[in-house]
Amino acid sequence: IMNLCRGITLTKALSATFTMMAVMPLATKAQTPTSSPTAPPTLSPSSSPTTAPTLAPTSSPTTAPTSSPSSSPTQSPTVLIGCPPLWTSVTTGDIDPGTLVSHPDDSTGAAIRVVYECKDHPYNLYCPQSGFEPGTLYSPMAWIRLGKCNSAIDFEAPTFSPTNLPTFLPTFSLWEKEGCPELSFDTSLATAYATGEVVAFSLWEKEGCPELSFDTSLATAYATGEVVALDEVVYECVASTSARCNQAGWEPVTGEYWEEAWTILGRCAGSIAPTETTTLYPLWEKVGCPEEYNSGETYADGSVVSSEKGVVYKCKPFPDEGHCNTHSPDSDYGYLGWETLGSCVGTLSPTLNPTANPTNLPTLLPTHALWETIGCPPEFDASLATAYATGEVVALDEVVYECVASTSARCNQAGWEPVTGEYWEEAWTILGRCAGSIAPTETTTLYPLWEKVGCPEEYNSGETYADGSVVSSEKGVVYKCKPFPDEGHCNTHSPDSDYGYLGWETLGSCVGTLSPTLNPTANPTNLPTLLPTHALWETIGCPPEFDASLATAYATGEVVEYEGDVYECVASTSARCNQAGWEPVTGEYWEEAWMVLGSCTGTIVPTASPSREILPPWENTGCPEEYTTDTTYEEGDNVSAYESRVFECKPWPDMGFCNMFPPEDEENGDLGWMTVGGCDGTLAPTDAPTVLPEVIGCSAPAYDSSASYMDGDLVQERGDIYECNEWPYSLWCNNPVYMPGTDIGSSAWTKTGPC
């Protein structure tokens, strides 16, 4: 029923069709105040973060909307006869969503009033409060202004059953020209159109139509963001209250007010083909998978589940948490309520049941990986006297936390202290475990030379720096000030300080001072000499010499030698690399066409026939079994591949990849496997492969992965004695993943000495 292209007259036709008469024309919506309050006047939170507001629900917004909701009708639902009851404040009880009230209109006579509709939950909780009286400054947070009424006429409740609704316009003929206009209609409404411009109504972004067709019986409820098809047109539910999308009068196209509930995404044909492509996610922060999603369970903000394919999801906070109980996380609309945390393998390690007032708080959370730096940062100031900037890191009980609050003042406020504060997760994020202190280092990181010759001016704390400012440090490292919103840190932290990374990015190293820019001449007589600070490039010998006659064309990526330095053609158009003015070093614009790779001497030695890499023999005699997909591998397991190469499964958290990719996988094999040597022949059989015998002189039994252990139990493993740690860490003594002698095993076992 749809033609290939429709004229711009579609909007005009719909506008003319949907014009309806009214007893009294509606006034325009009340303008929203230019400065929205950050909290309702009667519900402002107390100074102590532990006290909740008296009436506001936990899901109520913290910021007043900047404009009236888009779901309010621009015309009365039907002809409104008379006025609903006058609004009065209510001290007890609630006002139901959708309740109609009237309020005196100061600008007209006493008989004329303004009609308001109470918003949906949770905003209806504001409707009975005097601070949100209709027509006042904060009225738009609780009420939707519908129009005016005459109180001299008896009130009749409005209905929502249009009797003469238009059907979808099927009669669009082909426009007078062949083909479609060059411009497609911008459904984001970001493009302004002049009178007389024509556009085409294009296909939506996906192939085929959505699985859901609009339910014309109005029995199906639609969530905001859901898409449906109707007469080969795709619509998205955009109502601020999703109930509008299946109400009479708001049906796509045919409903009088449909444009307030739906937006057109484009045309479609056929159905969306299912895809079986599996997305590879990195492993999430914990070991093992949480429980799978169950449609019979009830989920809330922060709930964590997994799918059958080993993907971990977390339920989004309000206002999206409601979708967690209507859509599974791996369904087409799962993204409405769930966010992806990563992939997982196996089952989740046991967690401790929290107590109301724990007396023995663990000092080291056993599931946190070590953070990226050796040693612990400064200790968190429990007196709250120290102010922390966003991005600063502290240690508390050997766990590293980063201040991530949008307002850095949160990070040293009572109630937001790491772990102990009630709202700490809003201000801090865990980076990992740490031990000891960060040792001062004098090691100089070697950076490649930056793009210019010489060093810019050194950083000076008395100067003011902005986005793009370039400075150097005493050690010859070049830094550039980051753009907004990070540029403010450039004037509070020097680039080589502990927190210099907050405002500065490293460009490279430098030697000497910046050379003054030479004014270009037609025939320069004083050409720069060989730059002495270029390191040798990665290949032995020099590539072919640059053709100074410019007769040779160079492709992007080709390398040449000029006066002992190696240059790579990097021009976006390769013709630049042999044009006058772009010659290496001597050309005025040479840096746009060439990049210095380093210095060179001699000629490139011709490549010999490839030879087999000789690996050192691994610690055992013979080769272990080859990798198979039927075997489950754990940390330390050995396999062979390529006939004589031995690989070992990496420790946690990388061991999960050992069961996902074989070591021969060129792209992903090194995620879980590392080469430990070469082998020859078959692996010699070992005696007693399951339980190690007791070592002479030790009374403790050998560790048994099937045994049950308690805190204080002693075992021997590989010639050493280990003691099971105190509760709660003793829970891990019965998990084979934490066997003594491994890195992660130190969370459960303490080595007491040799046998």
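**Exercises on the disulfides of a predicted model**

Cysteine 481 has 0% relative accessibility and therefore counts as buried (buried means under 20% relative accessible area, exposed over 50%, partly exposed in between, with a 1.4 Å probe and protein chains only). The model is predicted, with local features needing pLDDT of at least 70 and side-chain atom pairs counting only at pLDDT 80 or more, while totals for chains, interfaces and linings use all residues. Residues are numbered from 1 along each chain as its sequence is written, and side-chain values use heavy atoms, with hydrogens and water left out.

**Exercise 1.** Determine the partner of cysteine 481 and the handedness of the link.

*Solution.* Step one: cysteine 481 forms a disulfide with cysteine 490, with the sulfur atoms 2.1 Å apart (a disulfide is a pair of cysteine sulfur atoms within 2.5 Å). Step two: the torsion about this S-S bond is about 105°, so the disulfide is right-handed. Step three: cysteine 490 has a relative accessible area of 0% and is buried.

**Exercise 2.** Describe the link between cysteine 403 and cysteine 411.

*Solution.* Step one: the S to S distance of this disulfide is 2.0 Å. Step two: its torsion is about 90°, so the disulfide is right-handed. Step three: cysteine 403 and cysteine 411 are both buried.

**Exercise 3.** State which residue cysteine 623 is joined to, and whether cysteine 623 is buried or exposed.

*Solution.* Step one: a disulfide with an S to S distance of 1.9 Å joins cysteine 623 to cysteine 679. Step two: cysteine 623, at 10% relative accessibility, counts as buried. Step three: cysteine 679, at 12%, also counts as buried.
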